[in-house]
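Here's a quick briefing on one chain, meant to be read with the model open beside you.

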Amino acid sequence: MADAQQPVFNIEKLYVKDLSVEVPNAPAIYLEREAPQIDVNMSSESRALGEDLYHASITVTVTAKTGDKTMFLVECTQAGIFRIEHVPQDQLPMVLGIGCPNIVFPYLRETVSDVVIRAGFPPLLLNPVNFEALFLQQQQAQQQQAAPAQTH
């Protein structure tokens, strides 16, 4: 007799949820020869959609500036819908916080690079992200907030 059913992890849908690109100082900005300063802010989130269905997304904002002028600004949310079954409840946060973002990230990276090229700039490749380290940092931060302050 089989003890437990095998875990199921399926990608139901991967999609761009939100995308914007701005080149506020065009066309003059294209005459700049100085390499831009690139600032990248990223966050991820996940939530249950229904019976064994989950939504996970990564949002990134990329700002490229030369001096005090913005060359371009890209905001993108790449998302996925995942079917996750027979995974122990205590392991589900890891699957949603590490596994799903690891699948979504390459699509986000490609979308950002493509839109930067279409905006008239050289390709921008987002550096790899260690979602496991980010997940552990978030877990530690939540534990510290939940722990009552101790006084001696």
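**Pocket, strands and a threonine**

With 4 residues, α2 gives the most to the lining of the largest pocket. Keep in mind that this is a predicted model.

**The largest pocket**
- Its volume comes to about 160 Å³.
- At least two lining residues come from each of β2 (37-50), α1 and α2 (131-146).
- Among the residues lining this pocket are S44, E45, P93, F135 and Q142.
- Sorted by class, the lining has 6 polar, 3 nonpolar and 1 charged residues.

**β3 and its neighbours**
- Strand β3 (residues 53-66) is mostly covered, with 10 of its 14 residues buried.
- On one side of the pairing list is β2, which runs antiparallel to β3 over 13 bridges; here S43 sits opposite T59.
- The β2 and β3 hairpin has 2 residues between the strands, and D52 takes a positive phi near 65 degrees.
- β3 also pairs with strand β4 (residues 69-85), again antiparallel, through 14 bridges; V60 has C76 as its bridge partner in β4.
- That β3 and β4 hairpin has 2 residues between its strands too, and G67 in the turn shows a positive phi of about 65 degrees.

**T111**
- You'll find T111 in helix α1 (residues 92-118).
- T111 counts as buried because its relative accessible area is 16%, and the cut-off is under 20%.
- Leaving out residues up to four places away in sequence, T111 touches V16, L19, C76 and Q78.
- A polar atom of the T111 side chain lies 2.9 Å from the backbone oxygen of Y107.

Technical notes: Residues are numbered from 1 along each chain as its sequence is written. This is a predicted model: local features need pLDDT of at least 70, side-chain atom pairs count only at pLDDT 80 or more; totals for chains, interfaces and linings use all residues. Side-chain values use heavy atoms; hydrogens and water are left out. Buried means under 20% relative accessible area, exposed over 50%, partly exposed in between (1.4 Å probe, protein chains only). A polar contact is a pair of N or O atoms within 3.5 Å; within protein, one must be able to donate a hydrogen and the other to accept it, and residues adjacent in sequence count only if both atoms are side-chain atoms. Contact means heavy atoms within 4.5 Å. On a 1 Å grid over the protein atoms alone, a cavity is a set of points where a 1.4 Å probe fits but cannot get out, and a pocket is an open set with protein on both sides within 12 Å along at least five of seven lines; lining residues have an atom within 4 Å of a point. Grid points are joined across faces, edges and corners, and a volume is the space filled by probe spheres set on the points. Ala, Val, Leu, Ile, Met, Phe, Trp, Tyr, Cys and Pro count as nonpolar, Asp, Glu, Lys and Arg as charged, and the others, Gly among them, as polar. Two strands pair if DSSP finds at least two bridges between them.
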